[in-house]
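Please read these points with the sequence and the structure side by side.

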Amino acid sequence: MSLKLRFMLVAAALILGASLLAWYSFQYMAERIVEQWGRRVAEVQVQYDSARLLQPLQREIALAQQMANSQVLRHWIRDPDGPGLEAQAFDEMESFRRNFRGNNYFVALRESGGYYHNNADNAYGDDPFRYTLRANRPADAWFYQLIEEGRDFHLNVNPDVELGVTKLWVDVLIRDESGEILGMVGTGIDLETILAQIVDIDQQGITTVFADYNGAIQLFRDPRFIDFASLVKPEGQKRTVDLLFDLSRDGERILERMGRMRDHPLENPRIYTDFVTVDGKRHLVGIAFLSSIGWFEVTLLDLDEVMPVSSFAPAIGMLVAFMLVTLLLFYWVLRRLLLNPMAALERAMVGLRQGRRDVALPRGGGEMGGLITHFRDMASEVIRHTDELEEQVKVRTEQLEQLARVDMLTGLLNRRGMTQQLEEQAARATREGTCFGLVWVDLDRFKEINDTRGHAAGDRALCEVAELLRTGLRPYDHAARWGGDEFLVLLMPCKRDDLIAIASRVCDEIADKTRAGQGGITVSVGASLVQPGEDLYEALQRADDALYRAKESGRNRLVVTEAE
Ligand SMILES: Nc1nc2c(ncn2[C@@H]2O[C@H](COP(=O)(O)OP(=O)(O)OP(=O)(O)O)[C@@H](O)[C@H]2O)c(=O)[nH]1
């Protein structure tokens, strides 16, 4: 695998690893940020949601309390048949009705059970008496329960069976100066209006819930969850806020915390936040106990909606893009400074190995530049050595070729060298139309020299003859030891007279100079003149035949033959 490809793979792995790391770090940080900010948002949202209900309600409660403290009403309740008292009381009720937000009121009397009510349409202005409450009637249980509990103020979401309306009722007890409960007054706010204006407002990802002091749901956008007439329901049958959570442990924890907030308001933070699971999604719940109305405000924040982690995606996208650009830049720099010079260096090495001398090398600085410079020096050194080596090989080859053509003992051409000369000169003679001479020289009874004087003496005799041939010939003639005690002389160019003269001289000189009479050497010589274009080997044979005849006719003599 090439370095470039490996680097690409490593870079890709790095990008992937870094991206994953960045993604998980981002997820972790985003969740921490969402959690911290979510808690702040939940606290603010709880205050906001609480204020939305408290603002209109507190006015209604204050009005209802004023109405409960009305002396006119008290007089009438104490003396229902007192002259003019009922009319005054009805006027008083009417004036409060006009001030209440829902333009309605109710007055319920403990002693008579009389229930008085007029609505926004003023349907019962003339006679507000509606019906008589009865302690054994389930629909009236709320009244008797509140009286029994003796709570001066209570909010109650309850359908009024007699009136056929479901309202959020503000109930305030009427007491006389001694504290004895005379009855109850209050007003009702239409549930649908309050849900639409306060609870089910269009806040994406935010759910507002109001629960009473037991945790029973009183206001919620889905009326099926509302625990109507919660007051008179036994414990365990109430629809409490834990119904909203997926996990029972969330519900238990939240209800337990709500109880502590209610019972020990000073020991607990005013707003409690926690994480719960609702509809399979992680939500942040914020809870406040609204001591002025004895209710809890519960706000649920769907974190994926309110603070979606995906909103951080552009940031992570930019981070990843930045990393990619950095890595690409790094790759580009690395390619320019390292990979490209290395590739060029590799090409140069391959070129050098293939014997090219014109290898182009890049320029560069730093370590890479140093490496290239060293390689350039090394390359020229290698080229120089190669040239030297090639020169040496050439010389040695020539020497070897020379040696291959020379007889080791005598230093004359050997048979191979002479064959080459013969062929070259024969061709030349043919070309130039000149004759040349061939002279065979064979030592007479050489075997005897070997046998009687030893092989070394034989060698010396051969060398002696060779030396005489070398010195006795013209510079442009060639002598060779053809094999054993047989020599061949090539006379080039040559005429018949020259042939006879030189061959005779060779024959005589050898006999003279080796003192043939005193154990010296004689030679038999066969010579032949070769005509231009004549077959070389036939000419050689002819000369050899002449030598044979010289041997036959007594040795130590010259026989010359002519071409027929
Ligand atoms: N010392 C020596 N002897 C050699 C060499 N090469 C061949 N001989 C011997 O040379 C002799 C050649 O003998 P021949 O040519 O057969 O015969 P001759 O004794 O020369 O007799 P004629 O040629 O008939 O006169 C042989 O005994 C070879 O062993 C060599 O390099 N050195």
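1. Which residues of helix 2 (residues 71-78) are buried? They are Leu73, Trp76 and Ile77. Seen down the axis of helix 2, these buried residues fall within an arc of 100 degrees, so they line one face of the helix. Please bear in mind here and below that the model is predicted.

2. The other face of helix 2, turned away from the buried side, carries the exposed residues Gln71 and Arg78. What covers the buried residues of helix 2 includes one helix, helix 3 (85-99). Strand 1 (105-109), strand 5 (165-175) and strand 6 (181-190) are also included in that cover.

3. For the chain as a whole, there are 14 helices and 16 strands. The chain has 564 residues, and buried residues make up 32% of them. Take the contacts in the chain between residues at least 6 apart in sequence: 57% of these join residues at least 24 apart.

4. Residues 312-334 carry the annotation "transmembrane region" in UniProt, where the entry is unreviewed. In the model, this span is 96% helix and 0% strand. The C-alpha atoms at the ends of residues 312-334 lie 33 Å apart.

5. Which residues come nearest to the ligand? Of the 17 residues around the ligand, these are Asp444, Phe446, Lys447, Gly458 and Gly484.

6. Gly251 is placed in helix 6 (residues 248-263). Is Gly251 buried, exposed or partly exposed? Gly251 has 18 other C-beta atoms within 10 Å. A residue is buried at 20 or more such atoms and exposed at 12 or fewer, so Gly251 is partly exposed.

7. Leaving aside neighbours within four places in sequence, Gly251 is in contact with Asp242 and Phe245. Thr240 is 11 residues from Gly251 along the chain, and the C-alpha atoms of Gly251 and Thr240 are separated by 8.9 Å.

Conventions. Residues numbered from 1 in each chain as written. Predicted model: local features only at pLDDT ≥ 70, side-chain atom pairs only at ≥ 80, totals over all residues. UniProt positions renumbered as here; feature names shortened; annotations may be inferred. Helix = DSSP H or I, 4+ residues; strand = E, 2+ residues; numbered from the N terminus. Arc of directions from axis to C-beta. Contact = placed C-beta atoms within 7 Å. Near = placed C-beta within 6 Å.
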